[in-house]
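Subject: Structure handover

Hi,

Here is the structure I promised to send over. Please open it alongside this email, and my notes come after it.

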Amino acid sequence: DQLFQILRALKERGVTVILITHKLREIMAVTDQVTVMRHGEVVAERQTAATNREELALLMVGRKVRMAPEHKRSRPGQPALQVEHLGLIDEFGVKRLDDINFSVREGEILGIAGVSGNGQSELLEVLAGIRRPSSGLIRVLGREVTPNRPCGPYQMRRLGVAHVPEDRHRLGLVTGFPAWESAILGYQRDRKYGFGPVMNNHAAQRDCARMMQAFDVRPPQPALGSSKLSGGNQQKLILAREMARAPK
């Protein structure tokens, strides 16, 4: 809102402002005219006062968009992930997690909220097998992971745990790799992608093309550098990698 005040002040001085955004509230709040692009082409031009959020969403996406999603009553099943008395002491001897307990059932979403730096990142890394817990246990579909019986990322994935990291550049992909290589990170040891040191690049590229099509990654070009994808399409590629394999 403070940014909008500055933009309005600039406009009053006769300055022309071009605001590039997909946030409908920003468009309606601060613009006089709006031009909508889809698939690299201009599809509409409107006076902002003569349009609304629903029409703009339709023009941007190409189909009618429900502004308020419909929620159905959930019917959670058996516990799929259980965490009991989980603790983590980092390499500097600092306690990062202390006696964490929770359970997530099949068909259930658990949200963990907190200001950055309060242990959420470390918790996710322990659950993904990136860090070894210092105490407690993680039970994944009956398999127990403890400090004495740890599981690395590859083993956790084989148990059915997918991991979409919060920092896509640091942990999600390698920006210097082509998209098809980023699309198999963590799964590169699967037999379908080769055996031992010999990689079946064609199989990996074919899978990446399929995932890009299914998850609408643009442009759908497996050979394109990962860094060349926009932030949103990098995120979609990571989601495709983790969700396409039907994790538990």
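Below is what turned up, starting with the strands and then moving on to side chains and surface.

Before you dig in, this is a predicted model: local features need pLDDT of at least 70, side-chain atom pairs count only at pLDDT 80 or more, and totals for chains, interfaces and linings use all residues. Residues are numbered from 1 along each chain as its sequence is written, and side-chain values use heavy atoms, with hydrogens and water left out.

**Hairpins**

Helices here are DSSP runs of H or I with at least four residues, strands are E runs of at least two, and both are numbered from the N terminus. Two strands pair if DSSP finds at least two bridges between them.

Take β1 (residues 33–38) and β2 (residues 41–47): they pair in the antiparallel sense, over 6 bridges. R38 stands opposite E41 in β2. The two strands make a hairpin with 2 residues between them, and H39 in that turn has a positive phi of about 55 degrees.

There is another hairpin to look at, made by β3 and β4 with 5 residues between them. Strand β3 (residues 79–89) runs antiparallel to β4 (residues 95–105), and 7 bridges join them. P79 has R105 in β4 as its bridge partner. In the turn, G93 has a positive phi of about 80 degrees.

**Salt bridges**

I counted a salt bridge when a side-chain nitrogen of Lys or Arg is within 4 Å of a carboxyl oxygen of Asp or Glu. The count comes to 15 salt bridges. For burial, under 20% relative accessible area is buried, over 50% is exposed, and in between is partly exposed (1.4 Å probe, protein chains only).

- E55 and R46 meet at 3.0 Å, N to O. E55 is partly exposed at 25% relative accessibility, and R46 is partly exposed at 28%.
- D90 and R96 form a salt bridge at 2.9 Å, N to O. D90 is buried at 9% relative accessibility, while R96 is partly exposed at 35%.
- D207 and K192 have their closest N and O atoms 2.8 Å apart. D207 lies in helix α8 (residues 201–214) and K192 in the loop between α7 (179–182) and β7 (194–195), so this pair ties together parts that are 15 residues apart in sequence. D207 is buried, with a relative accessible area of 8%, whereas K192 is partly exposed at 45%.

Salt bridges also link E125, R131, D167 and R170 in a network.

**Charges over rings**

A charge sits over a ring if NZ of Lys or CZ of Arg is within 6 Å of the ring centre and within 35 degrees of the ring normal. The charged end of R189 sits over the ring of Y154, 4.1 Å from its centre. R245 lies over the face of Y187, at 4.0 Å from the ring centre.

**Surface**

Which residues make a nonpolar surface patch of about 200 Å²? They are V15, V17 and L19. Patch members have over 30% relative accessible area and no salt bridge; like charges are joined within 9 Å, and nonpolar side chains (Val, Leu, Ile, Met, Phe, Trp, Tyr) within 5 Å. Accessible areas come from the Shrake-Rupley method with a 1.4 Å probe, and for residues only the protein chains shown count as cover. V15 is in the loop between α1 (2–12) and α2 (24–30), and V15 is partly exposed at 38% relative accessible area.

Cheers
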